[in-house]
Amino acid sequence: MNPACVLTIAGTDPSGGAGIQADLKTFQELKSYGMSVVTSVVAQNTTGVKDVHHLPDSFIREQLFAVSEDMPVHAVKTGMIANKEMMQVIKDWVQTIDAPYIMDPVMIAQSGDPLVEQEEQIYLKRHLVPESTLVTPNIPETETLLNRRIDHEEDMKEAAVEIVEQLGAGAALVKGGHLKGKAVDFLYDGYQLHSFEEERIDSANTHGTGCTYSAAIAAYMSQGYPLTQAVEKGKHFVTAAIRHSFDLGKGDGPTNHFALRREVFHS
Ligand SMILES: Nc1ncnc2c1ncn2[C@@H]1O[C@H](COP(=O)(O)OP(=O)(O)O)[C@@H](O)[C@H]1O
Ligand SMILES: Cc1ncc(COP(=O)(O)O)c(N)n1
């Protein structure tokens, strides 16, 4: 039997913890067939972003059609999309695809380095958010999307509803990793609010958590899980990946994509 096929459109992380690399590892772990279209090649590691090389938008289009003219796409996710030209190409292509579209509105790396310039963030909000089945902003991204501060859980809930009703996303998952207390995320699916809560793990190894989470949701949706169940299972995956994360690198270490396995890994 053929596997479910899931595509990531994102930037790279040669140190393997975030971006395309995190997405493909997640797809593999969750047993979907992973495919990838590179938007930007990023020289980064756990300590931060050193340099970025953007691919021409015409070449992103070529990659997208090389995938979709040949392969089934059962779900798609986007991560880092650095400029308007790329956003337009991706928007046009997404409209040709009949599959759930999970959009992680990546703006700033965990290290604080910007991955998408401010002017382009507005374009992302106007043009890509309305195409999404689900958008997955963290707190700073939610603040940028809605132009106001998000300080506590009530703000997160209101924001999730607003991102759907005012910005036109199919659904919104506002992630609470940047707040204190429990690690709570709120999903508004257009009908009701759902909360997903886990204990906060005392770990600085959170490089790539957002990428891993949205990739897991996309993988589960490629397999036909409904949205709420895909988010629930994705949350379980990312929590395990943080709980068993690796102390690798000199900065915030990467999460552990093997975490749901029961095996022991030796160094
Ligand atoms: N220390 C932590 N312990 C447990 N869960 C966490 C922790 N930090 C983040 N999370 C969870 O990881 C996921 C990614 O969240 P977040 O850090 O907000 O996104 P991003 O990586 O995009 O900044 C969310 O489900 C969030 O609740
Ligand atoms: C290419 C790329 N995309 C996204 C992120 C954000 O990662 P995080 O999940 O840690 O916020 C990143 N550092 N690099």
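A polar contact is a pair of N or O atoms within 3.5 Å; within protein, one must be able to donate a hydrogen and the other to accept it, and residues adjacent in sequence count only if both atoms are side-chain atoms. Keep that in mind for ligand 2. A polar backbone atom of G208 lies 2.7 Å from one of the ligand's oxygen atoms. Q44 uses its side chain: a polar atom there is 2.8 Å from a nitrogen atom of ligand 2. A polar backbone atom of C211 is 3.5 Å from an oxygen atom of ligand 2.

This is a predicted model: local features need pLDDT of at least 70, side-chain atom pairs count only at pLDDT 80 or more, and totals for chains, interfaces and linings use all residues. Residues are numbered from 1 along each chain as its sequence is written, chains are lettered from A and ligands numbered from 1 in the order in which they are written, and side-chain values use heavy atoms, with hydrogens and water left out.

Now widen the view. There are 16 residues around ligand 2, counting any with a heavy atom within 4 Å of it. G11, Q44, Q110, G208 and G210 come nearest. This shell holds six nonpolar, 10 polar and no charged residues. Here Ala, Val, Leu, Ile, Met, Phe, Trp, Tyr, Cys and Pro count as nonpolar, Asp, Glu, Lys and Arg as charged, and the others, Gly among them, as polar.
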